[in-house]
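User: Hey, can we go through this one together? I'd like to talk about the ligands, the sheets and the chain contacts.

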Amino acid sequence: MSAHTHVEGQLPHEPEKATLEGRNKVLGFWLFLGGETVLFGTLFAAFLALRHQVLDGPTANHLFDLKLVAFATAILLTSSLTSVFAIQAMHQQKVKSLINWLIVTVLLGVGFLILEIYEFVHYVGEGHGFTTSAFSSSFYTLVGFHGAHVLFGIMWITLLIIQLKRKGLTVVTAPKVYVAGMYWHFIDVVWVFIFTVVYLMGKVV
Amino acid sequence: MASNNHSATEQNTKRHKVEGPKKHIVAFIFSILLTFIAFATVIGGEINKDFIYIILLGTAVLQVFVQMAFWMHMKDRGHRFALIGILTGVFVVFTCVIMAEYWVWW
Amino acid sequence: MMKRWQFVKRLAPLMAMMVLVLAACGREDLSTLNPQGPVAEEQFGLMKLAILIMGLVIVVVFAISFYVIIRFRRRPGDKTIPKQVEGSHKLEIIWTVIPIILLIILAVPTVQSVFNLAKDYRDDPDAVKVIVTSHQYWWEFEYPELGIKTAQELVIPTGKTISIEAKTADVLHSFWIPSLAGKIDTNPGGNVNFMYFSAPKEGVYLGKCAELCGPSHGLMDFKVKSVNPASFERWAAALQEPVALPSDPAIAAAFESKCLTCHAVGDMGGPAFPNLTGIGSRESVGGILVNVDADDKKYNHEDTVYNNLYKWIKDPGAVKPGNLMVDQYDLTDKEIEGIAKYLSELTLDYE
Amino acid sequence: MDWLTTVDHKKIGILYLIAGGFFFLVGGLEAILIRIQLWKPQGTFVSADTYNELLTMHGTTMIFLAAMPLIFALMNAVIPLQIGARDVAFPFLNSLGFWTFLFGGLLLNVSWIVGDVPDAGWTSYAPLAGTTYSGDHGVDYYVLGLQIAGIGTLVGGINFLVTIINMRAPGMTFMRMPMFTWSVFITSALILFAFPALTVGLAALMFDRLFDANFFDPSGGGNAVLWEHIFWIFGHPEVYILILPAFGIISEVISTFSRKRLFGYSSMVFATILIGFLGFMVWAHHMFTAGLGPVANALFSIATMLIAVPTGIKIFNWLFTMWGGSIKFTAANLFAVSFIPTFVMGGVTGVMLAAAPADFQYHDSYFVVAHFHYVIVGGLVLGLFSGLHYWWPKMFGRILNETLGKWTFWTFYIGFHLTFFVQHFLGLLGMPRRIWQYLDGLGFNEMNMISTVGALLMGVGTLMFLINIVVTSVKPKGVANDPWEDGRTLEWTIASPPPEYNFAQTPLVRGYDAYWKEKQDGHSGMTPAEPIGPIHMPSPSILPFFMGLGLFIAGFGFMYSPDWGQFLGLDLTVGHFIGIVGLGITLICMLLRSVIDDHGFHIEEEEILKDLGGKA
Ligand code: HEA
Ligand code: HEA
Ligand SMILES: [Cu+2]
């Protein structure tokens with residue numbers, strides 16, 4: 001609400017928390033992530049309940065190629081790190097480096113998505129379609145929801161990069177960047193569980 | 001605006017020094033390491049199944065702690081409600097998952 | 001002032017009626033308040049205990065409410081400010097502890113009863129095993145040990161424990177005989193449920209479907225007929241005897257080509273739909289058209305076996321909307337009459 | 001136009017009131033039709049199909065489109081005022097929440113016009129709700145309508161959480177917050193953690209129905225019981241989402257009209273939190289008969305019973321708030337006072353249901369119907385009526401006619417007991433719920449007749465309230481800041497209705513019952529915490545409206561995609577195309593929102609002084 005009281009260029013150390021609106025946004029987003037936790041939790045629960053119902057389709061053990069997924073995991077983890085660097089750059093008011101780190105993050109995200117799409121196409125070829133069995137439906141829904149989140153994150157951060165270029169780092173754009181960073185970490189954390197519960201556990205027979 | 005006075009408790013009142021990237025890189029290495037441990041346990045195989053599950057879940061949970069604390073600034077001050085929010089979410093998830101594992105195919 | 005009296009006047013007949021109803025406790029063959037078997041009795045016992053506790057709670061709350069409302073109403077023009085009390089630890093502890101005690105009194109028998117009623121008699125050689133399969137709007141009862149199947153009417157021997165295994169062929173239903181035992185859902189897929197009950201007394205008990213299952217959910221009634229063990233044996237034997245087709249060849253042909261594609265009588269016909277063996281001596285047609293002698297007809301849903309059968313075959317959709325027999329066949333009026341007559345005479349003699 | 005673009009919480013509150021009120025009438029009408037069908041045995045007033053549609057839409061409409069929005073109406077109208085804030089935390093999201101709810105609700109009710117109405121109960125248990133057994137688009141309307149409305153609710157929940165955490169006036173610590181604010185706080189938290197489960201459930205059901213997934217379809221390896229779990233993990237917290245705000249309203253009204261401080265404030269807060277917490281651990285009490293096994297049944301029985309303890313604390317605290325007070329029976333207070341014993345009657349039957357073995361008998365019988373209408377109508381609806389009578393002057397600047405208000409109360413209250421008291425006995429005597437007809441001669445006739453008469457009487461009560469609104473709204477505006485003269489909280493320190501910016505100067509809060517405290521200390525108003533200065537306001541926006549509209553269109557498109565032919569020979573159907581266009585509209589609006597900075601505008605000092613002068 002007091003956005004106009006700050007003079008451009010004299011950003012405080014944590015510009016995302018400089019205004020009440022910024023603080024509201026950050027807190028609201030944390031709470032939203034709490035809700036997202038339940039969302040993914042329910043998806044996990046559904047997947048866990050249905051994962052052995054493969055009918056005639058391939059089993060998890062047969063299907064998954066762990067090396068590929070581990071590689072995807074590494075990419076996403078790295079992108080999480082680069083997004084931290086972006087936020088650090090923001091706190092040091094280094095707009096240029098902020099933008100660069102965000103671009104790296106987006107690129108890594110795109111890489112992850114490409115791997116995932118490749119993986120899905122491969123699975124469908126193996127006879128593991130969305131409608132094959134309860135296992136396949138819940139697998140694609142869980143992993144797909146995550147993928148959709150990644151996609152949304154990529155679009156969002158891209159938009160922020162454009163805005164940062166045009167408007168620079170202000171008390172209005174800073175909370176957005178910060179919140180997008182949190183979102184990106186959250187996606188990463190969810191993926192850690194997907195990797196563990198879906199892929200690694202799927203391989204344990 | 002006066003009405004945000006009270007929320008001063010919610011934000012960092014103390015300006016801390018600009019943080020370096022070191023601890024984040026350490027967190028990153030930790031995460032990779034934990035992932036690798038989990039990965040290796042599964043690939044290595046031949047251990048008791050329940051034991052593998054425990055290692056897998058253990059490493060995943062640890063990794064989440066690391067990431068939440070360092071990358072999402074959860075350990076910093078001013079995250080009381082964020083913490084409550086996430087923990088409540090986790091609690092609900094916990095009940096959901098228990099449901100899934102034990103009661104759907106009883 | 002006026003209004004309050006109106007209120008009392010309106011409530012008085014209601015209260016009087018309540019008393020009457022309570023005294024009657026409803027029909028013996030239907031009411032949960034009039035249990036006819038040990039399982040329902042155990043459940044009724046728990047209900048009585050709960051009602052007692054709840055009655056106590058309600059009395060206390062109502063008493064305080066009325067006292068407060070009357071004693072502390074504001075007189076017109078009263079400007080005094082009452083004392084502002086923050087609370088009272090003593091009182092607050094009292095109304096935390098007393099409910100906890102009341103709940104413990106209720107919880108202990110509840111838990112006992114939960115485990116009691118979850119006993120599994122499926123491997124008990126003394127129990128009569130029945131596999132209940134629910135279908136959209138009808139019930140199938142299979143006695144795996146006796147190798148027989150029947151529909152709509154569960155015949156059981158008195159005094160024996162009946163061990164039920166419940167599942168469904170389509171959507172969820174729930175198997176409920178209020179005066180004998182509480183309900184159990186019939187689930188699809190692998191989630192088979194089990195329960196048990198028994199009926200010490202001979203009689204016919206009304207059973208209901210208690211889970212929304214489509215338009216005719218409310219009409220998905222069945223009967224439980226408990227007969228003495230000797231009759232039960234005779235019934236089981238009679239059910240396995242061969243059945244003759246209708247004597248009129250035209251009717252027989254119609255029956256064979258139109259009815260037996262789905263239904264079974266004796267050892268003929270298909271298993272997909274209700275087994276008709278002995279349908280003439282069942283209590284009802286379709287579970288809800290109750291069979292009575294021509295002179296005893298009291299209600300709309302009662303009639304003679306023949307009339308009921310005729311009504312059903314003529315237009316099953318009018319009796320149970322949305323059931324799967326609708327539009328499955330084409331019969332002339334003559335054929336319907338003939339088949340209804342044949343079926344009404346398809347009786348089992350066992351009592 | 002003003003109303004389409006408003007981001008003012010007070011106006012959004014009124015929008016919620018109108019929409020929720022409309023849906024309450026629709027749901028009530030459906031209830032009346034249900035009761036007419038059941039008034040005599042083997043009734044044929046409506047067909048079996050129509051009956052199932054009525055009962056499904058009645059339950060769904062009442063819970064999601066009437067009760068929740070009416071709660072949101074009061075939340076919007078009151079919460080910022082009670083905490084001394086100029087606005088909610090996210091005015092834009094607030095408006096977005098309203099429009100998505102409204103378009104979701106409209107989508108659901110379009111089903112009546114199209115003729116494919118949801119008919120699998122408000123719980124939509126699979127497999128009945130799957131395409132095999134519900135082939136028409138009825139359940140699609142349920143799935144998509146609730147999904148869209150659910151987004152609105154979730155957004156609203158987050159908004160109020162942040163508002164209450166971050167926007168309180170100086171001095172208003174958590175333990176000085178009015179009880180209504182507290183209950184809304186907990187309710188919003190329940191919304192935040194319960195609705196995502198519903199979102200997933202509905203998404204899975206939607207995938208099953210529209211894209212042939214196999215979550216709940218046994219023939220594809222799916223599990224029908226899984227739906228029950230997911231639905232009730234959401235569903236049970238939902239009933240506390242409904243009742244907690246009513247608890248809050250009652251606390252305010254009773255304390256105001258008894259001229260007494262709320263008895264045991266801190267234990268009330270504690271009890272509210274505890275109820276919210278326990279609410280997440282009892283969902284399986286709706287599934288005692290699903291065959292979860294004795295261990296689960298025993299645990300959930302006990303967990304459920306425990307909720308009686310914190311609720312009891314609240315009940316007795318209210319009674320002792322009145323004890324020693326000076327109780328004035330305005331219409332608002334009649335509703336509030338009668339709430340207490342009535343809700344207890346519903347609550348104790350809940351505890352009876354919690355005893356699993358006995359629930360084998362009660363479950364899915366009219367006993368359950370009686371239970372939940374006692375807690376919902378005898379609890380929540382009485383609470384809403386109470387709150388509406390109480391805050392009406394603050395929302396509209398006019399006091400509702402007291403005589404008509406009392407008539408509303410008596411007709412509604414008596415009608416309510418006539419309708420639902422007998423249903424306990426119907427259930428115990430063996431009448432299952434959700435039945436289209438019952439047979440003659442089972443002993444159900446008289447009580448069903450009484451029940452129907454009662455429902456009509458409730459209809460009369462509702463009509464009285466409508467008449468009251470009309471009668472009141474033709475009267476001139478202009479009631480005092482504190483029309484009840486015994487107001488205790490901050491909303492009564494400002495004009496009725498409040499100016500756009502609520503507080504000319506943010507008040508300084510010195511204790512619980514902030515306004516009452518000042519009055520007792522001989523002050524005429526609050527001490528300001530800041531000098532008068534220009535006030536920054538957010539600008540109105542039409543984007544939320546279009547975002548809701550976009551989702552509405554998308555819902556339609558996806559729903560009918562299987563029916564409508566190919567689109568330009570592509571792999572997509574016309575339906576998919578329309579669906580994507582709808583989503584596109586929503587996404588573009590989001591993009592615009594993100595790109596265009598909202599600088600808002602300022603209300604200048606002179607204007608504020610003028611407002612203040614006009615009052616003095
Ligand atoms: C506002 C809504 C609301 C509220 C507040 C409640 C409150 C409670 N409900 Fe209810 N319930 C519903 C709405 C609600 N319910 C609905 C809609 C359904 C049906 C859904 C469907 O199937 O369609 C349902 C169904 C339902 C069932 C499932 C029945 C079945 O389908 O078989 C059960 C079972 O345990 C239950 C229990 C309870 C309990 C224990 C409480 C408790 O919170 C009540 C606590 C209150 C008190 C107990 C009174 C005050 C306390 C005292 C005065 C202290 C002393 C008391 C004692 C020691 C007992 N409810
Ligand atoms: C907030 C929730 C809520 C509310 C307020 C109500 C209110 C009412 N309910 Fe509701 N009910 C449910 C939630 C609610 N119900 C739920 C969840 C179910 C379960 C559904 C299911 O099984 O799936 C249910 C089921 C249910 C049944 C059982 C149906 C069955 O199992 O077969 C019955 C039967 O009597 C009933 C009756 C009533 C009545 C008479 C009211 C009355 O209080 C209504 C009073 C209101 C009015 C009478 C309004 C009158 C309107 C006018 C006078 C104007 C009309 C004009 C215009 C539209 C312009 N309800
Ligand atoms: Cu519940």
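User: What should I know before we start?

Analyst: This is a predicted model: local features need pLDDT of at least 70, side-chain atom pairs count only at pLDDT 80 or more, and totals for chains, interfaces and linings use all residues. Residues are numbered from 1 along each chain as its sequence is written, chains are lettered from A and ligands numbered from 1 in the order in which they are written, and side-chain values use heavy atoms, with hydrogens and water left out.

User: OK, ligand 1 to begin with. Between which chains does ligand 1 lie?

Analyst: Ligand 1 lies between chains C and D. There are 31 residues around ligand 1, and the nearest are D:W122, D:Y240, D:D359, D:H363 and D:H371. Around a ligand here means having a heavy atom within 4 Å of it.

User: Which polar side chains reach an oxygen atom of ligand 1?

Analyst: D:D359 is one of them, with a polar side-chain atom 2.6 Å from a ligand 1 oxygen. An N or O atom in the D:W122 side chain is 2.7 Å from an oxygen atom of ligand 1, and for the side chain of D:H363 that distance is 2.7 Å as well. A polar contact is a pair of N or O atoms within 3.5 Å; within protein, one must be able to donate a hydrogen and the other to accept it, and residues adjacent in sequence count only if both atoms are side-chain atoms.

User: And which elements give two or more residues to that shell?

Analyst: From chain C, α2 (38–71) and α3 (89–117); from chain D, α7 (224–258), α10 (308–322), α11 (331–354) and α13. The largest share, six residues, is from α11(D). Helices (H or I, at least four residues) and strands (E, at least two) are DSSP runs, numbered from the N terminus.

User: How does the shell around ligand 1 divide by residue class?

Analyst: Into 20 nonpolar, nine polar and two charged residues. Ala, Val, Leu, Ile, Met, Phe, Trp, Tyr, Cys and Pro count as nonpolar, Asp, Glu, Lys and Arg as charged, and the others, Gly among them, as polar.

User: Now ligand 2. Which residues are closest to ligand 2?

Analyst: D:Y51, D:H58, D:W122, D:H373 and D:R434 are the closest of the 35 residues that surround ligand 2. D:H58 puts a polar side-chain atom 2.8 Å from a ligand 2 nitrogen. A polar backbone atom of D:W122 is 2.8 Å from an oxygen atom of ligand 2, and a polar side-chain atom of D:Q423 is 3.2 Å from a ligand 2 oxygen.

User: Which helix supplies the largest share of the ligand 2 shell?

Analyst: That would be α2(D), with eight residues. By class, the ligand 2 shell has 23 nonpolar, nine polar and three charged residues.

User: Switching to the sheets. What is the strand order in the five-strand sheet of chain C?

Analyst: The order is β4-β10-β9-β6-β7, in an open sheet with mixed pairing. Two strands pair if DSSP finds at least two bridges between them.

User: Why do β4 and β7 of chain C each have one side without a neighbour?

Analyst: Because β4 (153–157) and β7 (181–186) of chain C stand at the edges, each with a single partner strand. β4(C) pairs with β10 (222–227) of chain C in the parallel sense over five bridges, and C:E153 stands opposite C:K223 in β10(C).

User: What packs on that sheet?

Analyst: Helix α4 (229–239) of chain C, touching β4 and β10 of chain C, with its direction at about 130 degrees to that of β4(C). Axes are lines fitted to C-alpha atoms, for helices over the stretch in contact, and angles run from 0 to 180 degrees between N-to-C directions.

User: What about the three-strand sheet?

Analyst: It is open and mixed too, in the order β13-β14-β15 (chain C). Strand β14 (289–291) of chain C runs parallel to β15(C), joined by two bridges, and C:N291 stands opposite C:D303 in β15(C).

User: Last topic, the chains. Which pair shares the most contacts?

Analyst: Chains C and D, out of five pairs in contact; contact means heavy atoms within 4.5 Å. Chains A and C do not touch, with their nearest C-alpha atoms 11 Å apart.

User: How many helices and strands does chain A have?

Analyst: Six helices and zero strands. Its C-alpha trace spans about 65 × 30 × 25 Å along the principal axes.
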